[in-house]
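Please read the notes below alongside the sequence and the model.

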Amino acid sequence: MKIKILQSGILFGVKKQRLDPQVIQKYNDNEGKFLTAFFPILWMVLFFLIPMIIILKISFAEMQFAMPPFTKFFNSVGSYLIEIKINFKNYVNFLENHYYIMAFKNSIILSFITTIICLLLGYPMAYGIHNAGRKTKSLLLLLVSLPFWTSFLIRVYGWMNLLSINGIVNTTLMKWGVINAPIQFIGNYYMVCLGLVFCYLPFMIFPVYSILEKVDQSYIESAFDLGCSRTKAFWSITFRLTYSGIFSGSILVFATTIGEFIIPELLGGSRVITFGRVLWTEFFTNLDWPMACAFSVIMMFFIILPIFFLQKKAKI
């Protein structure tokens, strides 16, 4: 028997019964929620979950000089038999190789320092934008988002043009007689950190600013009425209510900088060894895809597990 839901009721064959409008509204709301959640979930499955499963599968393979440059995960050994080969050597090599451990440690330290600096710079900027007037606020938000209008690579090359041996800074200092010989700015971890902060600072400003805009000002006014100073009201109310923005911005900056390749390559040179450069070398120079995929899995596990734990802890 077919059941059909109509706005006027439920039709069972030829018998019609009146349906409560609240039931119809609840049905429509559930259908809307399903459609709203379907496409983001589909996007995550297609472009995150499935690629991660493929990377995980390749990480347990062995390198071979063929195309593709790795062995198969499933091999047919008979009419009704399938052999599954799981290779843990790539993960063992990561733990035993000092070079890989050093690259991973350098990336974590750089990302952590970049996140702290972005927080120290981004929070006051977001707070200042929040307290600015309407027209000034729009202008400041435009200035923060302005770097995204240009290519990421061009912005990094801009720093190279400024701080290279024959760059604008060295040329100006030598012209003014401040220095006698050009200074080697590029090719160290400090320049890499500077480039990371410059490129990823907006990822900290926007989440903090969005949370600041949602803070109920009546809480702060009540604190002033109770004799609380402006400084104490900020640390006791405003700062605590923006924990979720700080958390989101920190995760965005840390997760995107830990695997960065372009900035360490251009501003760090051969002296700076990071995880992104190791992945590039293994993929495109050594053609060792299983090893590179194992590194990617380790990095993803290191990023996702703390995020999951902190989200559950903070109940965001």
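T242 counts as buried because its relative accessibility is 0%; buried means under 20% relative accessible area, exposed over 50% and partly exposed in between, with a 1.4 Å probe and protein chains only. This is a predicted model, in which local features need pLDDT of at least 70 and side-chain atom pairs count only at pLDDT 80 or more, while totals for chains, interfaces and linings use all residues. Residues are numbered from 1 along each chain as its sequence is written, and side-chain values use heavy atoms, with hydrogens and water left out.

**T242 and its surroundings**
- T242 sits in the loop between α10 (230-241) and α11 (243-257); helices (H or I, at least four residues) and strands (E, at least two) are DSSP runs, numbered from the N terminus.
- Apart from neighbours within four places in sequence, T242 is in contact with Y123, I211, L212 and V215, where contact means heavy atoms within 4.5 Å.

**The chain as a whole**
- The chain has 14 helices and five strands.
- Of its 316 residues, 34% are buried.
- Among contacts between residues at least 6 apart in sequence, 64% join residues at least 24 apart.

**Aromatic rings**
- There are 27 aromatic pairs in the structure; rings of Phe, Tyr and Trp (its six-membered ring) pair if their centres lie within 6.5 Å, and planes under 30 degrees apart count as stacked, over 60 as edge-to-face and the rest as tilted.
- One of the pairs is F38 with F39, edge-to-face at 5.3 Å centre to centre and 75° between the planes.
- F38 is partly exposed, at 37% relative accessible area, and F39 is exposed, at 54%.
- Y123 and F239 form a tilted pair, because their ring centres are 5.5 Å apart and their planes lie at 55°.
- This pair links distant parts of the chain, with Y123 in helix α3 (residues 98-131) and F239 in helix α10, 116 residues apart.
- Y123 is buried, with a relative accessible area of 6%, whereas F239 is partly exposed, at 21%.
- Ring pairs also join F70, F261, W280, F283, F284 and W289 into a cluster.
- The charged end of R155 sits over the ring of F148, 5.7 Å from its centre; the rule asks for NZ of Lys or CZ of Arg within 6 Å of the ring centre and within 35 degrees of the ring normal.

**Helix α13 and W289**
- In helix α13 (residues 275-285), the buried residues are F275, G276, R277, V278, L279 and E282.
- W289 belongs to helix α14 (residues 289-314) and is partly exposed, at 28% relative accessibility.
- Its contacts, leaving aside neighbours within four places in sequence, are I58, P69, F70, E282 and F283.
- The C-alpha atoms of W289 and M63 are 6.9 Å apart, although the two residues are 226 residues apart along the chain.

**Largest cavity**
- The largest cavity holds about 40 Å³ of space; a cavity is a set of points on a 1 Å grid over the protein atoms alone where a 1.4 Å probe fits but cannot get out, and lining residues have an atom within 4 Å of a point.
- Grid points are joined across faces, edges and corners, and a volume is the space filled by probe spheres set on the points.
- The lining consists of S107, L110, V192, L196, T257, I258, E260, P264 and T274.

Notes. 1 Å grid on protein atoms, 1.4 Å probe; cavity = no way out; pocket = protein on both sides within 12 Å on 5 of 7 lines; lining within 4 Å.
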